[in-house]
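My entries follow in the order in which I went through the model.

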Amino acid sequence: MTDQVTDTDPAMEPDIPGKPTSASRTTLSHIMTHNDTNLLGTVHGGVIMKLVDDAAGAVAGRHSGGPAVTASMDEMVFLEPVRVGDLVHVKAQVNWTGRTSMEIGVRVLAERWNESDPATQVGSAYLVFTGVDADGKPRRVPPVIPETERDRRRYQEAQIRRTHRLARRRAIRELREKRAAEGFED
Ligand SMILES: CC(C)(COP(=O)(O)OP(=O)(O)OC[C@H]1O[C@@H](n2cnc3c(N)ncnc32)[C@H](O)[C@@H]1OP(=O)(O)O)[C@@H](O)C(=O)NCCC(=O)NCCS
């Protein structure tokens, strides 16, 4: 991964037309069954993470117009347990685009099988997908065009997360190089 903020201003790359956020926004819905439970009888976090990755992957593929791979997943938050019978909706959209990568924001909602209340938010996550070519090498992706004030806020927040991801990776790499130079071995 490149350890510098190399974000290219989408306006500087006019040969790839931008795509609006709404063009790739996706909802994946799934009813939870007994196959999805952990030992406590509630839904296993890994089942939700798989749905999150699936929904984000569908958005990344739609937006980039081709294959895209999960580069990272962060800030996966579980707010409330999901139960057998709940109808889970996983809502995903492109928050931000770089040159070859995209941040996908995901919200997880659950309609309780035994309640008539509106769906409750039970989780959220941010994933980075990278568009790849047939050889698995990064390829350019269209710039996303935020359409609403909420989309614009999400774009700005994604830029902050991007800066922090790069800074954290750089700081850890430098610490490891320093420790290695000082003769420490893991
Ligand atoms: C993701 C992958 C294609 C990146 O390849 P790379 O040779 O490291 O390419 P780069 O360093 O040029 O990174 C490409 C883009 O991905 C981003 N990226 C790469 N790793 C990242 C990470 N860990 N977190 C966030 N962004 C990342 C870079 O910032 C860059 O974005 P930009 O072009 O918008 O600036 C490569 O690491 C890979 O194939 N990983 C495996 C993916 C996979 O199989 N996922 C499913 C797991 S089962």
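I began with β5 and found this strand mostly covered, with 9 of its 11 residues buried. For burial I used C-beta atoms placed from the backbone: a residue is buried if 20 or more other C-beta atoms lie within 10 Å of its own, exposed if 12 or fewer, and partly exposed in between. Helices (H or I, at least four residues) and strands (E, at least two) are DSSP runs, numbered from the N terminus. I note that this is a predicted model, in which local features need pLDDT of at least 70 and side-chain atom pairs count only at pLDDT 80 or more, while totals for chains, interfaces and linings use all residues. Residues are numbered from 1 along each chain as its sequence is written.

Next I looked at what β5 pairs with, taking two strands as paired if DSSP finds at least two bridges between them. On one side, β4 and β5 pair in the antiparallel sense over 10 bridges, and Leu87 stands opposite Glu111 in β5. A hairpin of 3 residues joins β4 to β5. β5 also pairs with β6 in the antiparallel sense, again over 10 bridges, and there I found Ser124 of β6 as the bridge partner of Arg107.

I then followed the whole sheet, which is open, has 5 strands in the order β2-β4-β5-β6-β3, and shows antiparallel pairing. Its edge strands are β2 (26-31) and β3 (68-78), each of which pairs on one side only. From one strand to the next the twist averages 20°, where axes are lines fitted to C-alpha atoms, for helices over the stretch in contact, and angles run from 0 to 180 degrees between N-to-C directions.

Which strand does β2 pair with through 6 bridges? The partner of β2 is β4 (residues 87-97), and the two run antiparallel. Within this pairing, Thr26 has Ala92 in β4 as its bridge partner.

Helix α1 (residues 45-64) touches β2, β3, β4, β5 (101-111) and β6 (120-131), and its direction makes about 135° with that of β5. Helix α2 (residues 149-181) packs on the sheet as well, touching β4, β5 and β6, with its direction at about 75° to that of β4.

I checked the span of each helix against the expected one, which is 1.5 Å times one less than the number of residues. α1 has 20 residues and reaches 28 Å from its first C-alpha to its last, close to the expected 28 Å. The 33 residues of α2 should span 48 Å, and because its end C-alpha atoms are 48 Å apart, the span agrees.

In α1, the buried residues include Ile48, Leu51, Val52, Ala55, Ala56 and Val59. Just after α1, Gly65 takes a positive phi of about 70°, and just after α2, Gly183 takes one of about 90°.

I looked up the nonpolar core next, meaning a set of buried Ala, Val, Leu, Ile, Met, Phe, Trp, Tyr and Cys residues joined through C-beta atoms within 7 Å. The largest such core has 31 residues, and those with the most contacts inside it are Val52, Ala56, Ile104 and Val106. α1, β4, β5 and β6 each supply at least two residues of this core, and the largest share, 7 residues, comes from α1. Leaving aside its neighbours within four places in sequence, Val52 is in contact with Val90, Val106, Val108 and Ala125.

Why does Thr27 count as partly exposed? Thr27 does so because it has 13 C-beta neighbours inside 10 Å. Its C-alpha atom and that of Val90, 63 residues apart along the chain, are separated by 5.4 Å.

Last, I noted the chain totals: the protein chain has 2 helices and 7 strands, and buried residues make up 30% of its 186 residues.

Note on methods
Two residues are in contact if their C-beta atoms, placed from the backbone, lie within 7 Å.
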